[in-house]
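Please look over the sequence and the model shown here before reading on. The briefing that follows is arranged by topic for a student who is new to reading structures.

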Amino acid sequence: MAELGSKGVTAGKIASNVQKKLTRAQEKVLQKLGKADETKDEQFEQCVQNFNKQLTEGTRLQKDLRTYLASVKAMHEASKKLTECLQEVYEPDWPGREETNKIAENNDLLWMDYHQKLVDQALLTMDTYLGQFPDIKSRIAKRGRKLVDYDSARHHYESLQTAKKKDEAKIAKAEEELIKAQKVFEEMNVDLQEELPSLWNSRVGFYVNTFQSIAGLEENFHKEMSKLNQNLNDVLVSLEKQHGSNTFTIKAQPSDNAPTKGNKSPSPPPDGSPAGTPEIKVNHEPEPSSLDTPGAAIPKSPSQPGDVAEAEGTKPVAVAEGANETAASDGASSSLPAVVVETFPAAVNGTVEGAAPSKRSDLPPGFMFKVQAQHDYTATDSDELQLKAGDVVLVIPFENPEEQDEGWLMGVKESDWDQHKELEKCRGVFPENFTEKVQ
């Protein structure tokens with residue numbers, strides 16, 4: 001019997017809930033059609049708008065914070081693999097190996113600590129902050145339903161009072177239901193009217209604390225990481241000093257960027273490499289006359305050209321510092337390869353440093369040197385020279401050095417000068433990397 005009674009109560013509640021839903025639906029239809037007035041509270045509606053905005057902002061902040069943490073985790077993994085690579089290539093007999101391993105270990109610990117503190121001081125706080133929104137959102141929805149119940153009870157009571165045939169018993173019951181509905185609504189409404197403005201105002205302090213925590217943690221992290229990087233740099237500098245006598249193969253790499261004239265950029269030469277680029281040569285086998293013989297003469301620097309360079313008819317050479325000088329001072333042969341770099345006189349703004357302008361009458365005023373076109377160049381402006389491979393150009397200085405763009409020279413084709421002897425008609429600019437110096 002008790003079970004039947006329990007089922008009867010449950011069935012009664014279900015029926016009551018269904019009836020409430022029907023009554024609310026009817027009331028909303030009447031309100032939308034304008035046949036029933038609706039209780040309005042503009043102040044509360046503003047609070048609800050603020051609540052929805054605050055929820056949207058908080059949800060976005062939580063999402064972006066999780067993305068930031070994922071990025072920190074990815075950077076941790078990348079940094080860890082990089083330090084592991086360094087540990088693998090760092091040979092056991094090299095000085096500073098233990099320090100390098102310790103730095104790698106501290107690097108890993110620092111990343112882990114940074115990530116964990118971000119979780120504890122930012123993400124968990126963020127989750128707690130957003131955790132209060134679902135309950136309040138549910139209460140706002142419930143308050144809306146109770147408002148509809150109150151309006152429905154009020155309209156029902158008013159309709160019974162204005163009926164031609166009044167039924168006092170029904171009016172009394174309707175009044176009782178109205179008072180009950182009003183009480184339930186007002187209790188929920190008062191609570192929300194107090195909580196929503198308070199929640200809205202709390203967002204300022206929350207945002208400040210969250211971003212202060214992130215900024216402080218990131219600042220400390222980079223300070224500690226900077227110390228580790230400095231320590232690693234010191235270890236590598238020490239390694240370089242102790243192995244500084246070793247030489248490495250050097251190869252000149254042509255620039256991928258063609259020189260620019262104003263807003264224009266000439267195409268690179270057809271072979272893809274700038275013409276006239278100084279070549280850096282590496283001599284992997286020491287000269288027998290200079291390195292294999294104790295006390296033999298060592299090639300001197302360009303500032304002090306010696307007999308060796310002149311005897312062989314070569315240009316001044318620069319010897320890798322710390323390699324051949326050591327061998328010469330000890331009077332012993334060296335097995336280390338010498339790095340020999342061919343050098344040319346330095347050019348400043350297209351002018352060869354130390355070169356005096358020619359005074360010959362058969363050359364243009366201010367003539368500096370000659371170049372030969374290695375590739376065809378099609379002029380794209382009236383102030384440019386049209387070049388064919390093999391053309392010889394007499395290079396002259398710009399009247400106003402400030403007008404010279406990097407990678408461009410001023411000149412006149414030798415054939416035009418021989419024919420006209422007039423600079424105004426013949427001179428023009430051209431890309432240096434399409435030519436090669438011949439004089």
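Which side chain meets that of lysine 370 in a salt bridge? The partner is glutamate 414, with 2.8 Å from N to O, where a salt bridge is defined as a side-chain nitrogen of Lys or Arg within 4 Å of a carboxyl oxygen of Asp or Glu. This is a predicted model, in which local features need pLDDT of at least 70 and side-chain atom pairs count only at pLDDT 80 or more, while totals for chains, interfaces and linings use all residues. Residues are numbered from 1 along each chain as its sequence is written, and side-chain values use heavy atoms, with hydrogens and water left out.

**Salt bridges**

- Lysine 370 counts as buried because its relative accessibility is 15%, and glutamate 414 is partly exposed because its relative accessible area is 23%; buried means under 20% relative accessible area, exposed over 50%, and partly exposed in between (1.4 Å probe, protein chains only).
- A search of the whole structure finds 15 salt bridges, and one of them joins aspartate 151 to arginine 154, with the closest N and O atoms 3.0 Å apart.
- Aspartate 151 and arginine 154 both lie in helix 4, three residues apart, which is about one turn of the helix, and both of these residues are buried.
- The side chains of lysine 425 and glutamate 422 also meet in a salt bridge, at 3.5 Å from N to O; lysine 425 is exposed at 66% relative accessible area, whereas glutamate 422 counts as partly exposed at 35% relative accessibility.
- Salt bridges that share partners also join Asp135, Arg139 and Glu195 into one network.

**The nonpolar core**

- The largest nonpolar core has 35 residues, of which Phe51, Tyr114, Leu118, Met126, Ile136, Ile140 and Leu196 touch the most other members; such a core is a set of buried Ala, Val, Leu, Ile, Met, Phe, Trp, Tyr and Cys residues joined through side-chain atoms within 4.5 Å.
- Two or more residues of this core are given by each of helix 2 (42-89), helix 3 (97-131), helix 4 (133-161) and helix 5, and helix 5 supplies the largest share, 12 residues.
- Leucine 196 is found in helix 5 and is buried, with a relative accessible area of 3%.
- Although leucine 196 and cysteine 47 are 149 residues apart in sequence, they are 6.1 Å apart in space, C-alpha to C-alpha.

**A charged patch on the surface**

- Glu186, Glu187, Asp191 and Glu194 gather on the surface in a patch of negative charge, where patches are made of residues with over 30% relative accessible area and no salt bridge, like charges being joined within 9 Å and nonpolar side chains (Val, Leu, Ile, Met, Phe, Trp, Tyr) within 5 Å.
- Aspartate 191 lies in helix 5 (residues 168-242) and counts as partly exposed because its relative accessibility is 38%.

**Residues in loops**

- Lysine 421 lies in the loop between helix 9 and helix 10 (423-426), and this residue has a positive phi of about 60° although it is not a glycine.
- Lysine 421 is partly exposed, with a relative accessible area of 41%.
- Tyrosine 90 is found in the loop between helix 2 and helix 3, and this tyrosine is buried, with a relative accessible area of 3%.
- Tyrosine 90 and asparagine 101 are 11 residues apart in sequence and 9.6 Å apart in space, C-alpha to C-alpha.

Conventions: Areas by Shrake-Rupley, 256 points an atom, 1.4 Å probe, with all protein chains shown as cover. Lys, Arg positive; Asp, Glu negative; His and termini not counted. Charge placed at Lys NZ, Arg CZ, Asp CG, Glu CD. Helix = DSSP H or I, 4+ residues; strand = E, 2+ residues; numbered from the N terminus.
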